[in-house]
Amino acid sequence: MDVFGSFALILAFVCAVYAFAGGIGAIVTGHPLLVKSTRQAGIATCCLIFLATFGLEYLFFSDNFANAYVVSHSNRDLATFYKIAALWSGQEGSLLFWSFLLSVYVFSVLITYRNKNGELMPYVGVVMAGVQIFFLTLNNFVASPFKALAVPGANGAMNLVARADGNGLTPLLQYPEMVIHPPNLYAGYTGFTIPFAFALGALLARYPGEKWIHLTRKWTMIAWMFQSMGILLGAHWAYAVLGWGGYWGWDPVENASLLPWLTGTAFLHSVMMQEKRGMMKVWNVWLVFTTFLLCILGTFLTRSGVVSSVHAFASSKIGSWFTSFLAIILLVCFAAYVKNRDYLKSENQLDAIVSRESSFLFNNLMLLVACVAVLSGTLFPVFSEWFTGNRISVGAPFFNKVNIPIGLLLLFLTGVGPLLAWRKTSTESLKRNFGLPLAIGIVGGAVAFALGFREFYSLVCLILCVFVASTIALEFYRGAKVIRARSGASLFTSAVDLTMRNTRRYGGYIVHMGMVLVFIGLAGAAFNRDTQKEMQLGSTMQIGPYTLVLQSADSRPERNYTAQRMIIEVMRDNKSLMMLYPEKRRFVTTVENGTMVAIYSTLKEDLYVVFAGQSPDTQLPVVHAYLNPLVKWIWLGGAVVVLGTLVALLPNRRAVLVLAGAQQPAGQPLAHGLPSSVTLRERHD
Amino acid sequence: MTKAHSIAAITMLAMAPLLIAPLGVQQLSDRAKQVGTKIKCMCRGCDMPASTCSHPGGAFSGMCDTAKAMLKEVDQQIAKGETDDQILQAFVKAYGTQVYTEPPKSGFSLVAWVLPSVYLFVGAGVVVFVISRWRKRPAPQVTPAGGTPGISAELLERARARASRETQD
C-alpha cells in the first residue's frame, strides 16, 4: 500500500503540472479541448490525492510498521479513533492532509463551475494547480509519508526493516478534540486558497468587477467558519488537556492561526464596500492575497519550528521551501497587480464621515492593526536575535496588553457599524439607534460593578458586550415587529422569518452576538484564581465557594496507558455537590504523561481540577484547583458564531405575492379594497 | 564573584535543600509570586512564568525545582529590601534578557512595545487620508442624453441597479 500511495502522489504531481502548464496554454490559445483536458487533469489530481491519503490511513489501520511514518506515530494499542488523527500528527502526514483538504475544495470548485464562468475558470484552475504543485512537491520529494523504515546495515547500506510495534502517538494528541481541531483549522487554512485563486484569476483575466466576490463569498465564509471553529477547538483542547488553567497562551502556533482569521474577517466586511459601493477594490484583492499568504505562513510556522513553541510538533528543513513559495506568491500577486491595476479603479465617493463606509474602514484598520501587532510580536524574538544577538521572550503578558484595547475597540465597532446607514447617518438616527443600547450598557456596567467586576478592562468589556447585544437585539426586535404587524405571528416566529429573508444580514448579527458571548467569557479571565495543595486521603482544600475533599484514589490500566485517578468530592455550603475525577495518564509506549482535567462548568464559573501528580518531594498527590469565571461563554459563543455563519450561508427567502382564492365570509367588508379572490401570502422562492 | 554569578550560585544552592525540605508554593509571599510572573522559569522545559510554571505533559504537572528556587531567590531579595526592578535586573544579569516574560521597555525591546502604536497611528492616518480623498472626489455627473428629456435608459438602469444594491443589506 505504501507503493500505491507513493505512486498516486507522483501521478497527482504529474496531473497537477499538466493542469498548470496546460491551463496556461488554454488561456493563451483558448482551445476548448485544452480547457477541458486541464480541468479534468485538475479533477484527476484531487482524486489521486484522495487515494494517497486513504492509502496512508490504510497503513495506520493495518498496523504497517514497515512504514517509517506509521512507526513514528502509531502503535497496535492505539484506539481506532486516534489512528485517524495519527495522519496529521507529524510533519509528513499533515502536509499530505493539507493537500487532501485543499483537494476537497479544488474538486468542489471544479465540479461546481464546470459549465460556468468560462473566461475565468481556466485562470482559477491554474492558480489552484500552482498551489497544489507546491504541496505535492513537498509530499513527493521533501517530506513523503510513504518512506519505508530502513536501518543502516553492517556494510553501511540501508536495509528495509519492519518493526513489531510502533512508537505510539504523542499523548497530548490523544484527546477527542485532536481528532476534530486540526481538520477544522486546516480546512480554514486550505479554504482561503479558493478566494485567493478567484481573486488572482479575476485580476489576471480582468474579470468584471464584483463578480469574483459574489462567486467566492460562500467559499470565504466556509473557510472562515472552519478557521473560527479550529481556533476555538484548539483553545478548548489547550484548556481541557494541558492542565494549566488557561485556553490561550499566545503561543506562536496559536498566533499563526489567528493571523489569517483576522485578515479573513476584515475581508468578509470590506467586500461589502465593493459590492454595495464599488469601493476598495484594490484593498479587497490585497486582503485576500494577504490572507492566503498568512495561511501559508501559518502552516510554515506550525510545521517548521522557526519560532519555538510548545506545540510545534515538528521541526525540519522545509522552511526554505515555504519561504520560497511565499516569495513566489508575493511576486506573482505583485506582478498581476502592477499589470492590471487599472481594472481595479474604484467608483464612488464618500458622502459623509459618519456612515457605514467609514465604520468598515475603521473595522478593517483595527483588524489589520491586531494582525500586524500579533505577527510582529510573534516574530520579534527572531528579529531581536538578528539585530542584537539576544533572544527576547514575547509572551502572553505582552500580547494581552497590546491586544485587549484593540479587541475592545473592535467590539465597540461591532455594535456601532451595522447600525450606521450607507452613505450618511443623521444625528436623529444615531440617537434612535444608540440611545437605548447605550443606556442599557451603562446600567449593565453599573450592575457588574456592584457585583464585583472591578477590573478596568473587564468592566469596559462587559459594558460594551451589553451595549452590542442590545443593539443586535433591538435590530431583531424592530424588524420582527414590522413582520408581526403584517403576519400576526409571534415575535419569535417573525424574527425567524426576518432572518430567513435576509440571511446574510441577520446571520451576520448572529455571528456578532456569538462574538459578544466570546468576549463575555474573555472578560472573566481577569478574575481567575487558583490554589495548589498536597493532599492526603480525607484532606480538604478550599477554592471560592467550593470545598474539595480527597475521598479516594485509584489506578487503572487501560489499553494504551495507565491512569492514576483522584476521586474528589466537591462540597458547597456543606452539601455534597458532585464527584470529580482528575487523572494523570502514563502512556506505556512513549513513556510520556498526560493530564485529564476534571471540570465542573457552569455559566458563572468553571471549577477546574488538575491532578498534578505525586509531589517529587513528599510523594503525596498534589491537586491544583482553578476557579475560572465565565469560561463557558466562550464555547457557547463559538457555537453561536458557527450557527450564524451557517444561517448567512443559506439562500434568502423572499416574500412574494401569490394570487389565490380565499374564503370570504358573507357580509364582511373587503380588506384594503382587494377583490375577494385575492389574499396576500408569502412563499419561499 | 559578580552579582550575576552569585545569583546563579545561590539559585543552585537553593535548589539543594529542596530535596530534603520541600518548599510549598503557599509559603511564598504574594510579592514574590507577583515578581515571579515577570520572570520565566529557566528550566528550559516549560517556557512559562516562574509563578505559574506547571509543566504540562510532565510526570509532575506543577512547579519544578528551578521555578521554586527562582521564587525563593526572589523572596530572599525582597527580604533584603531590594526593589522589584533591582530583583529583575539581577535575574537578567544571571540568565540574560530571555528571563523576561515580556520584552523590557528599554533598548531594542522597546521597539516591540512601540510598534503596535505605530501601526495604529499610521493606519489611522491612512484611513483619514482615504476618507478625505473620497470626500473630495466629485459626485458622478448625470447629464441628459439622447433626445429624451432627463436621463438615458442605460443610466437609469445603472442607477436602479445601484439603488437596489445599496438598499439591500
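Q: In the hairpin of β11(A) and β12(A), which residue takes a positive phi?
A: Strands here are DSSP runs of E with at least two residues, and helices are runs of H or I with at least four, both numbered from the N terminus. The hairpin of β11(A) and β12(A) has six residues between the strands, and Gln619(A) takes a positive phi near 65° there. The model is predicted: local features need pLDDT of at least 70 and side-chain atom pairs pLDDT 80 or more, while totals for chains, interfaces and linings use all residues. Residues are numbered from 1 along each chain as its sequence is written, and chains are lettered from A and ligands numbered from 1 in the order in which they are written.

Q: In which sense do β11(A) and β12(A) pair?
A: Two strands pair if DSSP finds at least two bridges between them. β11(A) and β12(A), the latter spanning residues 621–629, are antiparallel over nine bridges. Within this pairing, Val609(A) stands opposite Ala625(A) of β12(A).

Q: Over how many bridges do β10(A) and β11(A) pair?
A: Strand β10 of chain A, residues 598–601, is antiparallel to β11(A) over four bridges. Ile599(A) has Tyr608(A) in β11(A) as its bridge partner. Three residues form the hairpin link from β10(A) to β11(A).

Q: How many residues of strand β11 are buried?
A: A residue is buried if 20 or more other C-beta atoms, placed from the backbone, lie within 10 Å of its own, exposed if 12 or fewer do, and partly exposed in between. Strand β11 of chain A, residues 605–614, has nine of its ten residues buried. Over chain A, 50% of the 685 residues count as buried.

Q: How many residues of chain A are in contact with chain B?
A: Contact means that the C-beta atoms of two residues, placed from the backbone, lie within 7 Å. By that rule, 54 residues of chain A touch 41 residues of chain B. Elements that each supply at least two residues to this side of chain A include α10, α18, β11 and β12. The largest share, 14 residues, comes from α13(A).

Q: What is the secondary structure of chain A as a whole?
A: Chain A has 19 helices and twelve strands. Its radius of gyration, taken over C-alpha atoms, is compared with a globule rule of 2.2 Å times the number of residues to the power 0.38. The value is 28 Å, close to the 26 Å that the rule gives for 685 residues, so chain A is as compact as a globular protein of that length.
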